[in-house]
Amino acid sequence: MISGVLEMVAVTAIWGSVSVVAIWSGLPSPAFVFFRVFVAFLALLARYRRVDAEALLDKRMVLSGIFLALNWVLLFYAVSLIPVAEAVMLYYTGPLFAVVAAHLLGERASPSRLALAGIAFAGAVVVVNPLGLGGGPGAFLALASGLFYGLLIVANKLAVRSVEPARLVFYQTAIASAVLAPFALTSSFRLTPSAVVAVLVAAFVNTLLALYLWYDALRKISVQLASVLSYLDPVFAAVFAFIFLGQIPPRTTIIGGALILLSGALTAALEARPRRRG
């Protein structure tokens, strides 16, 4: 179990660093995400050799690929406008958006889960700080990335009923590459050596290695524990932004972010309760 926890902490550190990698790349957000998912897709294609067209065109798979592209594009666009900690805290409203979306789709959430979603929303309002000097387009882009992250969670939950998680990533990266190619390849950017390095790190470390460690950790620890530990991601993001970018999160981000992370961790804990009773 300890090795699983350590792997999960490593995953959150790797994922927490990706915003800094995106900034260092100097690439526009659609281009960075395109190259990230396309390189990952090519690596997975070398493993799987073939694409199942029927599975690829399944509407659940298509939606998950589109949501994957949108949530990352919006997040990395946001971190180019506002501090990383603020953007990532807002991004982590995603799991709570997922609770609400699943509720609207018929998977009824308990009052306690909906209340926790309300706490996360309150935290997001504090982070955005609409009555103060915060907020602005970057904050709302980050919040939109959280919305699409939540929709991605719901789409993934539906898609994994018919395909294993690793193959789901394969199809997601294929669909996201196809969706982003027109936008990425028509935007103006320079693929400098540092940008190439950043893209390769994002594809092989922040995506493939992190996912391998994630799935390996899930063999050793519960999904619920992994979900709670995943909320270390924004903490690492804030730490890396401070170390490498000199960004110090304002008080509103710390307070609002604490509400978002607390509500998310408690939601994950609630998810574990029915299983323990059984």
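Analyst: What follows takes a few features in turn. This is a predicted model, in which local features need pLDDT of at least 70, side-chain atom pairs count only at pLDDT 80 or more, and totals for chains, interfaces and linings use all residues. Residues are numbered from 1 along each chain as its sequence is written, and side-chain values use heavy atoms, with hydrogens and water left out.

User: How many helices and strands are there in the protein?

Analyst: Helices (H or I, at least four residues) and strands (E, at least two) are DSSP runs, numbered from the N terminus. Here the protein has 14 helices and 0 strands. Its radius of gyration, taken over C-alpha atoms, is 18 Å, close to the 19 Å from the globule rule for 278 residues, so the protein is as compact as a globular protein of that length. That rule is 2.2 Å times the number of residues to the power 0.38.

User: What share of the residues count as buried?

Analyst: Buried means under 20% relative accessible area, exposed over 50%, and partly exposed in between (1.4 Å probe, protein chains only). Of the 278 residues, 50% are buried.

User: What do the contacts join?

Analyst: A contact means heavy atoms within 4.5 Å. Among contacts between residues at least 6 apart in sequence, 89% join residues at least 24 apart.
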